[in-house]
Amino acid sequence: QLQLVESGGGLVQPGGSLRLSCAASGFTLDDYAIGWFRQAPGKEREGVSCTSSSGDSTNYADSVKGRFTISKDNAKNTVYLQMNSLKPEDTAVYYCAVDSGCWYPMRYWGQGTQVTVSS
């Protein structure tokens, strides 16, 4: 029953912005920690951001600090990743994931959405 579906990826120019969405079903997202991860071709999966269920702990990878923001809408059972000032090195498949805490690997994963940043 538990499902996570990412959307919002696409092709964007360097310096542009995208907002990714992760819609949850089969459970209440507010009860879980939520993370965003990404994986570029030939590279290891990388943690991008994670927020605890209580919201009292939020972290970002150094490479995205000041550019990306994680948020959630409990009424819509959806988590977002706002990505600004995008760089070519941000190109990857982005995944959302949930678990009881912000650790890796997290328990439940979506299928991912492609983000491509190129001139």
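Leucine 4 stands opposite alanine 24 in strand S3. In this predicted model, that pair belongs to the contact between S1 and S3, where five bridges join the two strands. S3 covers residues 18–25 and runs antiparallel to S1. Both strands are part of an open sheet of four strands, ordered S1-S3-S8-S7 and paired in antiparallel fashion. The edges of the sheet are taken by S1 (3–7) and S7 (68–73); each has a single partner strand, so one side of each is left without a neighbour in the sheet. On average, and with direction ignored, neighbouring strands in this sheet are turned by 15° against each other.

Isoleucine 70 has leucine 81 in S8 as its bridge partner. S7 and S8 form a hairpin with four residues between the strands. Asparagine 77 lies in that loop between S7 and S8. Its phi is positive, about 55°, although the residue is not a glycine. How accessible is asparagine 77? Its relative accessibility is 14%, so asparagine 77 counts as buried, the limit for that class being under 20%.

With a relative accessibility of 41%, serine 85 counts as partly exposed.

The next topic is the covalent links. A disulfide is a covalent bond between the sulfur atoms of two cysteines. The structure holds two disulfides. One of them joins cysteine 22 and cysteine 96, with the sulfur atoms 1.9 Å apart. The angle about its S-S bond is 60°, and the link is right-handed. What does this pair tie together? Cysteine 22 lies in strand S3 and cysteine 96 in strand S9 (residues 92–99), so the bond connects parts that are 74 residues apart in sequence. S3 is also the strand that contains alanine 24, the residue opposite leucine 4. Cysteine 22 and cysteine 96 are both buried.

Another disulfide joins cysteine 50 to cysteine 102, with an S to S distance of 2.0 Å. Its torsion about the S-S bond is about -85°, so this disulfide is left-handed. The pair links distant parts of the chain, 52 residues apart: cysteine 50 sits in strand S5 (residues 46–51), while cysteine 102 sits in the loop between S9 and strand S10 (108–109). Are the two ends buried or exposed? Cysteine 50 is buried, at a relative accessible area of 5%, whereas cysteine 102 is partly exposed, at 34%. When the bonded cysteines of the protein are numbered in sequence order, the pairing reads 1-3, 2-4.

The loop between S9 and S10 also holds proline 105. The peptide bond leading from tyrosine 104 to proline 105 is cis, with omega near -5°.

Aspartate 99 is found in strand S9, the strand that also contains cysteine 96. Aspartate 99 is buried yet has no salt bridge. Which side chain of opposite charge is nearest to aspartate 99? That side chain belongs to arginine 107, and it is 6.6 Å away; a salt bridge would require a side-chain nitrogen of the arginine within 4 Å of a carboxyl oxygen.

Threonine 28 is found in the loop between S3 and strand S4 (33–39). At 44% relative accessibility, threonine 28 counts as partly exposed. Threonine 28 and tyrosine 60 are 32 residues apart along the chain, and their C-alpha atoms are separated by 23 Å.

Notes. Residues numbered from 1 in each chain as written. Predicted model: local features only at pLDDT ≥ 70, side-chain atom pairs only at ≥ 80, totals over all residues. Heavy atoms only, no water. Pairing = 2+ DSSP bridges. Axes fitted to C-alpha atoms, helices over the stretch in contact; angles between N-to-C directions. Disulfide = S-S within 2.5 Å. Buried < 20%, exposed > 50% of the residue type's maximum accessible area, 1.4 Å probe, protein only. Lys, Arg positive; Asp, Glu negative; His and termini not counted.
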